[in-house]
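Subject: Structure for your review

Dear colleague,

I am handing over the structure we spoke about, together with some notes on what was found in it. Please look through the coordinates first and then read on.

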Amino acid sequence: MALLNWVRGRVFNLVHQNNLVYNTCWEDPRLDRVALDLEPHHNVMVITSAGCNALDYALAGANHVYAVDMNPRQNALLDLKKAAIRELEYEDFFTMFGTGRLPDFKQVYEQKLRHALPEWSQSYWNRKIRYFRPRKKRSFYFRGTSGSFARMMNIYVDRVLRLRPLVLELLDAKSIDEQKELYEKIHGRLWTKSLKFAMSRDTTWSLVGVPRAQREYLEQHYENGIVDFVQENMRAVFAELPIQDNYFWRVYITGEYTPACCPEYLKPENFQRLKDDVIHRVSTHTDSVEHFLRKHDGTPIHRLVLLDHMDWLTGSLYPYLVSEWQAILDTTREHGARILWRSGGMDTQFVNEVPVTVDGQKRQVGEMLQYHHETAEQLHPKDRVHTYGAFRIADLAA
């Protein structure tokens, strides 16, 4: 078992330390806007991922958004979006990040974008700008590890199951009743034995950025493990929630957004706001959450968005979970910071039990948090992504 866990860890690290993992954010900022309750003076720290939500929080009115990620490729993607906002007109910007393809991509990059990038990001996109090559079946959103997984699933749906017409009809459904009818037709043909087998493999979930600890939480709560969880949540997305504005699933099913179904930063009125002023309120930082907070210049951090980061720092990485929470308390408690996070599991008690030192006294993190359970419980079922078991909103006790 120890050897197996070592191999799993090596595979996961190989995927994450050498690749762009996320080409779009997989957390619903519509929920976050309510949970964050932003005021004009609020500064936000968020784990970068693909940068979509960092831009969304700035559009929502944050004073400054610090996008922090240990993977420099994720920050490079946000840097490219920032450069494109500053240097391109809206039509080219939407073509690039809305459809995931850009005609004359080399010329546009060399003449308009490269000079506007930080050094590391420039060196990365010098090699990878080909991701935006205008190929019919391979948009930018089918690149990176999660994008490659989406592409493989699309090939399976198209060539093996031949479900593409039904899937596209579902995406254009006009009512929940129509969605339910179409989804039942798809569900019966989609979940073959081979797909269930693939969905139970560690390698599959490493591609989409799900660590082993997160999968173990789910396997404890479902009779058939993570497959049951995925089936339950896909039913919620496609048969219970309106699909018309679900840009998260649309982009991984089709490889592109539409003007009517896309993140806020891709809408024309918001693009102009970003270009005029808002983009200057977003900065990228390649670092861990702990080190960023320890090295920060002292400007108050009022909101922290930690994605599903807590799930990652369990098991052998538990000491990092302890030191990270200590840094959060040491640097943001006096400002009464609010923290958002998600979890693959239903139970996040392990966070409450993290030991910390407060005013020289040994405490547990849970003693220092004031949870907004009612708000979280109202928001979580509305999540358009619907891939997490729990959503947490908590204020630090001053």
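How many residues lie between S6 and S7 in the hairpin that they form, and which residue in the turn has a positive phi? There are 2 residues between the two strands, and the residue in question is Asp 359, whose phi is about 55 degrees. Strand S6 (residues 355–358) and strand S7 (residues 361–364) run antiparallel and are joined by 4 bridges, with Thr 357 standing opposite Lys 362 in S7.

Please keep in mind that this is a predicted model. The pLDDT averages 90 over the protein, and 90% of the residues score at least 70. Residues 1–14, however, have a pLDDT below 50, and this stretch makes 10 contacts in the model beyond near neighbours in sequence.

Turning to the sheet, 7 strands form an open arrangement with mixed pairing, in the order S3-S2-S1-S4-S5-S9-S8. Strand S3 (282–286) and strand S8 (369–371) each have a single partner strand and stand at the edges, so one side of each is left without a neighbour in the sheet. On average, and with direction ignored, neighbouring strands of this sheet are turned by 25 degrees against each other. Within the sheet, strand S1 (residues 43–47) and strand S4 (residues 303–305) run parallel and are joined by 3 bridges, and Val 44 stands opposite Arg 303 in S4.

Helix H3 (residues 52–59) lies across S1, strand S2 (64–69), S3 and S4, and runs at about 165 degrees to S2. H3 also packs with helix H4 (residues 72–87) at an angle of about 50 degrees, their axes being 9 Å apart.

Finally, the count of aromatic pairs comes to 22. One of them joins Trp 26 and Phe 248, whose ring centres are 6.3 Å apart and whose planes stand at 80 degrees, so the pair is edge-to-face. This pair links distant parts of the chain, 222 residues apart, with Trp 26 in the loop between helix H1 (2–17) and helix H2 (29–36) and Phe 248 in helix H15 (residues 247–254).

How values were computed: Residues numbered from 1 in each chain as written. Predicted model: local features only at pLDDT ≥ 70, side-chain atom pairs only at ≥ 80, totals over all residues. Heavy atoms only, no water. Pairing = 2+ DSSP bridges. Axes fitted to C-alpha atoms, helices over the stretch in contact; angles between N-to-C directions. Contact = heavy atoms within 4.5 Å. pLDDT = per-residue confidence, 0-100. Phe/Tyr/Trp six-rings, centres within 6.5 Å; stacked < 30°, edge-to-face > 60°.
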